[in-house]
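Look it over before the dialogue starts.

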Amino acid sequence: MAYLLDANVFIQAKNLHYGFDICPAFWDWLEHANQGNAVFSIEKVGTELEAGTDALSSWATARGAPFFLPADNAVLPALVRVSQWATTQQYEPVAVNTFFQVADYWLLGHALAHGDTVVTHEVPSVSAKKIKIPNACIGNSIACITPFEMLRRERVRFVSERQAASSR
């Protein structure tokens with residue numbers, strides 16, 4: 001089982017909690033966890049991130065395919081199941097069409113195909129106007145957690161330079 005990260009995990013980390021300038025350890029941990037086959041995302045999320053013109057787009061571009069996985073043969077049948085679920089719910093047609101066009105759909109297909117846990121900041125919603133990742137995960141029996149839950153499960157600790165110096 002691996003963790004598959006939604007685009008909002010990277011974006012909110014950069015903009016809020018773990019900016020490159022204040023918490024480089026978060027980004028180092030992502031790379032280390034990726035090398036240990038524990039944390040990934042998908043190619044379509046990487047493409048979304050690379051479209052920017054900031055430090056995050058540079059970071060995503062530098063990670064490439066080892067971090068942002070392309071779809072494989074196992075993903076396509078899983079997409080059919082996710083698609084069947086989406087079209088049989090009470091979502092507005094525009095919500096379903098939008099869902100099929102964004103990375104979320106592919107993220108769920110990959111997670112379903114490989115038994116991975118989806119990591120997102122999204123929360124479930126009863127709105128028919130947008131398919132939220134947690135709702136789709138529940139409907140497809142895919143594990144879904146927040147980034148903070150992932151960090152706690154993995155017992156990640158970010159140590160400040162002052163803490164590191166005092167423990168020497």
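The dialogue below takes up the chain and then its cysteines.

Q: What kind of model is this?
A: It is a predicted model.

Q: How many helices and strands does the protein chain have?
A: The protein chain has 10 helices and five strands. Its radius of gyration is 17 Å, close to the 15 Å that the globule rule gives for 168 residues, so the chain is as compact as a globular protein of that length. Along the principal axes, its C-alpha atoms fill a box of roughly 60 × 30 × 30 Å.

Q: What share of the residues counts as buried?
A: Of the 168 residues, 43% count as buried. The accessible surface of the chain is about 9,000 Å², and 52% of this belongs to carbon and sulfur atoms.

Q: How many positive and negative side chains are there, and how far apart are the centres of the two sets?
A: There are 13 positive and 16 negative side chains. The centres of the two sets lie 7 Å apart.

Q: What is a disulfide?
A: A disulfide is a covalent bond between the sulfur atoms of two cysteines. To count one here, the two sulfur atoms must be within 2.5 Å.

Q: How many disulfides does that rule give?
A: The count is zero. Cysteine 137 is in no disulfide, and the nearest cysteine sulfur, that of cysteine 144, is 4.0 Å away. Cysteine 144 is in no disulfide either.

Q: Is cysteine 137 buried or exposed?
A: Cysteine 137 is buried, with a relative accessible area of 0%. Cysteine 144 counts as partly exposed, at 27% relative accessibility.

Terms used. Residues numbered from 1 in each chain as written. Predicted model: local features only at pLDDT ≥ 70, side-chain atom pairs only at ≥ 80, totals over all residues. Heavy atoms only, no water. Buried < 20%, exposed > 50% of the residue type's maximum accessible area, 1.4 Å probe, protein only. Helix = DSSP H or I, 4+ residues; strand = E, 2+ residues; numbered from the N terminus. Rg over C-alpha atoms; globule rule 2.2 N^0.38 Å. Areas by Shrake-Rupley, 256 points an atom, 1.4 Å probe, with all protein chains shown as cover. Lys, Arg positive; Asp, Glu negative; His and termini not counted. Charge placed at Lys NZ, Arg CZ, Asp CG, Glu CD.
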